Amino acid sequence: MSLLQNLRRRLITGPVMQDWPGLIEAYRGWLPVSDATPVVTLHEGATPLIPVPSVAERIGRGVKVYVKYDGLNPTGSFKDRGMTMAISKAKEVGCEAVICASTGNTSAAAAAYARRAGMRAFVLIPDGYVAQGKLAQALVYGAEVLAIRGNFDRALDIVREAAESYPVTLVNSVNPYRLQGQKTAAFEVIDALGNAPDWLCIPMGNAGNITAYWMGFQEYYQAGHSRTLPRMMGFQASGSAPLVHNTTVEDPNTIATAIRIGNPVNRDKALAAREGSNGAFLDVTDAEIIEAYKLLGGQEGIFCEPASAASVAGLLKRSAEVPEGATVVCVLTGNGLKDPDCAINNNDAAFHTDLDPNLETVAKVMGF
Ligand code: F0G
């Protein structure tokens, strides 16, 4: 029995989750680590693949839809998968400080893992365009936060230069170890389904994650762990869709601030994933993103951030093309708690305020 099967068996029979060692140990043979690599982990990975029948019902024709809820990682996003690798490898070579540009999630993950490894973490963010939860995390995890008057693309230019000039390691997705770690999400999807899905729907910003998933699907396929490969379906917000329109967007704009990126650094790799998988890219409006966000929260009990809902919004927009009986996985990249402002401003909840503190009033409001 392989290490992984052994671990999975213990997960099923033992005290829940106690035995999951984090993705580097779980997938060690698939990753560029050795005995000399000090594993820096928060036991990330092993996130659930959850059926979402209300989404499937909207498509009909026997289609099965699941979400890969990566918002349940330790810092609340898929970035932890890449960061456990990037920080472990940085520590292996004696690095004392890391730097990244971020729309928020990368900075939270970089800060958490770097501080755990005893390193300084410098994070550059676009001032005013990072969701509150993410900013709170970077501060609490002890990062040195530099908010610039400029967008993510400008911040990335600066940190790339900084990493060339100063003793700091870059941990954005241009760091190859990031994508190595992130590819494990594709392994987990196949481990859970027994095969690759027919479609993999995923939001795209800098396009690292779609690249990493495609790498993971191909590696498992080549090793005989999957009989098929998925079509890679990448989605961007309409106000920030450089990959969909094969262009650069000077002033990207969307409610989904996580994917507010006008010049994706992994552009060529994303295009290769689309071509290699017979996939497609499409944009979704902010209104479509919010509709999917509310559907997941209000019907399925799954709270994701708006960028993540783009994967479900995209699937619904293309639903006519989903083959009958197909299996679809939508990646929910980040937790809804990351962006409380979006949640408070975009819901259909009955929220009654300023009530008199007595049963009569409460009962009346309840309709009894
Ligand atoms: N979803 C969320 C929640 C993200 O935070 C990001 C990227 C993406 C999707 C897109 O992933 O860039 O690999 O295509 N966030 C980065 C950050 C840019 O700084 O946190 P991608």
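Which residue just after α10 takes a positive phi? Let me keep that question open for a moment while I say what we are looking at. This is a predicted model, in which local features need pLDDT of at least 70, side-chain atom pairs count only at pLDDT 80 or more, and totals for chains, interfaces and linings use all residues. Residues are numbered from 1 along each chain as its sequence is written, and side-chain values use heavy atoms, with hydrogens and water left out.

The residue is G224, with a phi of about 85°. Helices (H or I, at least four residues) and strands (E, at least two) are DSSP runs, numbered from the N terminus. Helix α10 covers residues 208-222, and because its 15 residues at 1.5 Å a residue should span 21 Å, the 21 Å between its end C-alpha atoms agrees; the expected span is 1.5 Å times one less than the number of residues. Several residues of α10 are buried, including W214, F217 and Y220, where buried means under 20% relative accessible area, exposed means over 50%, and partly exposed lies in between, with a 1.4 Å probe and protein chains only.

Now to the strands. Strands of a sheet pair through backbone hydrogen bonds, either parallel or antiparallel, and here two strands count as paired if DSSP finds at least two bridges between them. Strand β2, residues 64-69, has five of its six residues buried. With β1, residues 49-51, β2 pairs in the antiparallel sense over three bridges, and L49 stands opposite K68 in β2. With β10, residues 327-332, β2 runs parallel and is joined by six bridges, K64 standing opposite T327.

There is also an open sheet of four strands with parallel pairing, in the order β5-β4-β3-β6. Its edges are β5 (144-148) and β6 (169-170), and because each has a single partner strand, one side of each is left without a neighbour in the sheet. Two bridges join β3, residues 97-101, to β6, and V98 stands opposite T169 there.

Leaving aside neighbours within four places in sequence, T75 is in contact with several residues, among them L42, D80, Y113 and K338, contact meaning heavy atoms within 4.5 Å.
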